Structures are given as C-alpha cells and as structure tokens.
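Colleague: I have not looked at this one before. Can you walk me through it?
Modeller: Here it is.

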Amino acid sequence: MVIINKEFLEEQNAVIPYDNRGTFYGDGVFEALRCYNGKALLFEEHYFRLMSSMRILRMDIPPFFTPEFLEESIHELLFKQGLHKNHARIRISVWRKSGGLYTPNDLSVNYSISSSILEDIFINVTNNEVDLFKDHFVYASMLSTLKTTNKAVNILAGIYASENDYDDLLLLNQNKMVVEAISGNVFLRKGDQIKTPPIDDGCLNGIMRTHIVKQLKKMLNYNFVEETITPFELQRADEIFTTNMIRGVQSITKYRKKSYTNETASELIESLNETFFD
C-alpha cells in the first residue's frame with residue numbers, strides 16, 4: 001500500500017497526474033527513513049530537514065503536516081503492510097501541484113508515503129570498489145545540499161558505475177574536489193585524523209552524516225575535521241567510508257590500485273546497531 005494525500009491505496013491503484021511537477025520539472029523533495037519496530041529512526045531530524053527543504057523551495061507547507069501526523073501516518077502504513085515489527089524503508093515524497101511552466105501556478109503540494117522491507121541491521125560490505133565520476137559535477141550551492149527529486153548527476157553516475165562494474169562512485173564539485181558518493185556522504189581517515197567535506201563544498205546535508213559527525217567528535221582516539229577532500233588524498237588514505245540512513249556506514253574497499261582497512265567503519269556500525277536496535 002501507499003499513502004497519497006492522506007488516502008491509503010493499493011499500490012496498483014495509486015495514480016498521480018501525468019503532469020505533476022515532480023515529473024515535469026523535478027519540483028519536489030523527499031526523505032528516505034529507516035524504521036524499526038514501527039518507529040522511524042532519527043525522525044525529528046528527518047522532519048525538520050523536510051520542512052527546511054520545502055521552505056527553501058518556496059512550497060506551501062500544509063497546516064496538518066505536523067510531526068505527529070507524519071509519524072502516525074508512517075506507523076499506520078507499516079502496520080497495514082505488516083512491516084511494523086520489521087526493519088523497513090519509508091520514503092516521503094513531496095511535489096508541487098500541477099500547473100504552470102517553470103513558474104508554478106500554485107505553491108501548494110501533494111505528497112506520498114511508501115514503504116518497503118529491509119533485511120537486517122546495519123551490515124558493512126566486504127567488497128566496494130569505487131572510482132571518480134568526472135563526466136558531470138555537483139555545483140556547490142544551498143540547493144545541492146537538499147534531498148530534491150532532481151538527481152541527474154547521481155543517476156548518470158549510477159549508470160556509469162553499472163556499465164563499468166563499480167560498486168559506487170565518488171562525485172566531484174565544480175572545483176574538482178570530492179564531495180560525496182552516489183547515495184551517501186563520504187569520510188576519509190588518515191592515521192588518527194578523520195575528515196568529511198563541509199556542507200559548503202556541495203554535499204548533501206545527510207541525517208546519518210550528522211549523527212556520525214557527533215559520534216566521531218566523542219571518540220577520543222580520532223581527531224575529526226570538516227575539510228575539503230582532494231582526489232589526491234584518496235590514494236594516501238588508510239580508510240574511506242560512506243554513510244546514509246538506510247545502509248548506515250559502508251566501507252570503500254578499493255579505489256584504483258589502493259585497498260583500504262575498515263576498522264573505523266566497523267566500530268561505527270557496531271555503535272549504530274547498539275544505539276538503534278538493542
């Protein structure tokens with residue numbers, strides 16, 4: 001089942017206008033949440049990012065779009081799907097109502113909430129080979145930090161990775177600095193220093209990124225900084241890992257001829273599983 005504008009519908013009966021602005025212009029935002037036992041992890045952070053994104057894109061926020069309303073909608077959908085006792089993925093999509101060309105006639109929105117099952121707790125990968133994606137760049141601005149439905153660079157990077165047998169790719173900004181992976185933020189460790197690109201470099205303002213940053217700042221065995229990552233540093237790193245809300249922390253195991261360790265990522269995954277699933 002899926003929720004569209006408060007209505008619970010069987011997936012095959014869920015229909016939206018062909019001219020919706022999410023399809024026509026990428027005029028939409030979304031949140032991908034991980035749920036366990038019927039509750040969305042870090043829900044408050046997701047909610048405020050969604051509200052912030054809608055405000056930045058000048059969308060009219062419906063008065064009923066309260067944290068309580070969305071949290072209850074998620075719980076009810078999971079229950080109807082029989083996923084309330086499982087690990088599950090929830091996607092909240094919001095797009096502006098049809099009408100207008102580039103300039104919308106109406107700033108109000110439609111929304112949907114969908115769900116799917118996840119298999120297990122956070123598990124690190126054993127093989128994750130990456131390269132740089134150089135065909136297109138992420139242009140650093142406030143818009144690049146939002147989770148919008150306009151993800152052309154990520155889509156093309158995904159196709160390139162699939163065609164060239166890579167598990168992921170690292171995206172560059174217009175200054176040719178490393179900003180993120182296809183679907184996650186990137187962290188690099190050299191010795192006891194761990195760094196991740198600052199938001200100003202153009203990376204997504206990830207919910208899991210924020211959580212991991214807070215965790216790293218508490219870990220006395222590491223010195224953490226938010227600092228630009230150059231492609232040159234990748235070959236010299238001891239460890240590289242990515243983060244997102246659905247997969248947690250994922251080690252990068254190989255970049256070109258360089259292989260990496262995974263001890264920090266494994267330590268962080270253990271902490272995440274204890275925090276969220278114990």
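Modeller: Cys35 has 0% relative accessibility, so Cys35 counts as buried (under 20% relative accessible area, with exposed over 50% and partly exposed in between; 1.4 Å probe, protein chains only). This is a predicted model, where local features need pLDDT of at least 70, side-chain atom pairs count only at pLDDT 80 or more, and totals for chains, interfaces and linings use all residues. Residues are numbered from 1 along each chain as its sequence is written, and side-chain values use heavy atoms, leaving out hydrogens and water.

Colleague: And Cys203, buried or exposed?
Modeller: Cys203 is buried, because its relative accessibility is 0%.

Colleague: How many disulfides does the structure hold?
Modeller: 0, a disulfide being a pair of cysteine sulfur atoms within 2.5 Å.

Colleague: New topic: where is Phe122?
Modeller: Phe122 lies in the loop between strand 6 (109-118) and strand 7; strands here are DSSP runs of E, at least two residues, and helices are runs of H or I, at least four, numbered from the N terminus. Phe122 counts as buried because its relative accessibility is 2%.

Colleague: What does Phe122 touch?
Modeller: Not counting residues up to four places away in sequence, its contacts (heavy atoms within 4.5 Å) include Arg34, Met208 and Phe276.

Colleague: What about strand 7 and strand 8?
Modeller: Strand 7 and strand 8 (residues 168-173) run parallel, joined by 5 bridges. DSSP must find at least two bridges for two strands to pair. Val130 stands opposite Asp168 in strand 8.
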